[in-house]
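Hi everyone, thanks for making the time.

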Amino acid sequence: MKKILYLLIILFFTSFNSFVQAQKYDWKTMKPDQRKVIIQNMSPRERKTVLQEFRENMMVSSLAVPQNTQSDFKTLYSEYQEKQNSIKSKFKSGGDYENMSDEEAKKQLNESFEVGQQLLDNRKIYAEKFLKVIKPQQVLQMYHTEGKMRNKIIEKKQDEPQDPSSQRRRP
């Protein structure tokens, strides 16, 4: 009886381990189409987690964050990203600019300036926090890398045909 129970436990852990390993993907060796299919089949929560991990790992790698501060950096970077996204979500673009009244357009323009200022203020706050974990040169490089990533995403979106009503505009 003990042998059967022991074998069942081993079988369970072996199966569970195989399942967990199957959930881990080697993104570097995959073709873009393969990555796209896997990502499309994920739940929104899974996609968000994968993207967050990708950003964090890319930043750690490109900034050469020392091993002993990587965990602190990733936590802080995640917090920073959440705060930036929270601020960006406040801006709701009207989109149909030709049919806006002058007053509506001015109001939206001022709102975009306010959100832009909040984003800048947040970057300043987090720059000080990042300086406790990484060097000033790395903070500069991090913001520069973010800009490059944003530009690549914008370029990719412009290359793909999309439904114009589904586009989300940010300040």
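Let me start with a question for you: is glutamate 79 buried, exposed or partly exposed? Glutamate 79 counts as partly exposed, because its relative accessibility is 34%, between the 20% and 50% limits. Before I go on, please keep in mind that this is a predicted model.

So what does glutamate 79 meet in a salt bridge? Its partner is the side chain of lysine 129, at 3.6 Å from N to O. Glutamate 79 sits in helix α4 and lysine 129 in helix α5, so this pair ties together parts that are 50 residues apart in sequence. Lysine 129 is partly exposed too, at 32% relative accessibility. Lysine 129 has another contact to show you: its charged end sits over the ring of tyrosine 126, 4.4 Å from the centre.

How many salt bridges does a search of the whole structure find? It finds two. The other pair I'd like to show is lysine 107 with glutamate 111, where the closest N and O atoms are 3.9 Å apart. Both residues are in helix α5 and four residues apart, so about one helical turn separates them. Lysine 107 is exposed, with a relative accessible area of 54%, while glutamate 111 is partly exposed at 30%.

Now back to helix α4. It covers residues 70–88, which is 19 residues, and it reaches 26 Å from first C-alpha to last, close to the 27 Å expected at 1.5 Å a residue. Its buried residues include Phe73, Leu76, Tyr77, Tyr80 and Ile87. What do the buried residues of α4 pack against? They pack against α3 (44–63), α5 (102–130) and α6 (136–159).

Let's turn to the rings. The count of aromatic pairs comes to eight. Take tyrosine 77 and phenylalanine 130: their ring centres are 6.5 Å apart and their planes are at 50°, so the pair is tilted. Tyrosine 77 belongs to α4 and phenylalanine 130 to α5, so this pair ties together parts 53 residues apart in sequence. Tyrosine 77 is buried, at 1% relative accessible area, and phenylalanine 130 is buried at 0%.

Tyrosine 80 and tyrosine 126 make another tilted pair, with 5.6 Å centre to centre and 55° between the planes.

Step back, and you'll see Phe73, Tyr77, Tyr80, Tyr126, Phe130 and Tyr143 forming one aromatic cluster. Over the face of tyrosine 143 lies arginine 123, at 4.0 Å from the ring centre.

Which residues have the most contacts inside the largest nonpolar core? That core has 17 residues, and the ones with the most contacts are Phe73, Tyr77, Phe130, Ile134, Met142 and Tyr143. The elements giving two or more residues to this core are α3, α4, α5 and α6. As for isoleucine 134, beyond residues up to four places away in sequence, it touches Leu63, Val65, Phe73 and Val139.

One last stop: threonine 145, in helix α6. Threonine 145 counts as buried because its relative accessible area is 11%, under the 20% limit. Apart from neighbours within four places in sequence, threonine 145 is in contact with Met58, Met59 and Ser62.

That's my tour, and I'm happy to go back to any of these on screen.

Note on methods. Residues are numbered from 1 along each chain as its sequence is written. This is a predicted model: local features need pLDDT of at least 70, side-chain atom pairs count only at pLDDT 80 or more; totals for chains, interfaces and linings use all residues. Side-chain values use heavy atoms; hydrogens and water are left out. The expected span of a helix is 1.5 Å times one less than its number of residues. Buried means under 20% relative accessible area, exposed over 50%, partly exposed in between (1.4 Å probe, protein chains only). Contact means heavy atoms within 4.5 Å. Rings of Phe, Tyr and Trp (its six-membered ring) pair if their centres lie within 6.5 Å; planes under 30 degrees apart count as stacked, over 60 as edge-to-face and the rest as tilted. A charge sits over a ring if NZ of Lys or CZ of Arg is within 6 Å of the ring centre and within 35 degrees of the ring normal. A nonpolar core is a set of buried Ala, Val, Leu, Ile, Met, Phe, Trp, Tyr and Cys residues joined through side-chain atoms within 4.5 Å. A salt bridge is a side-chain nitrogen of Lys or Arg within 4 Å of a carboxyl oxygen of Asp or Glu.
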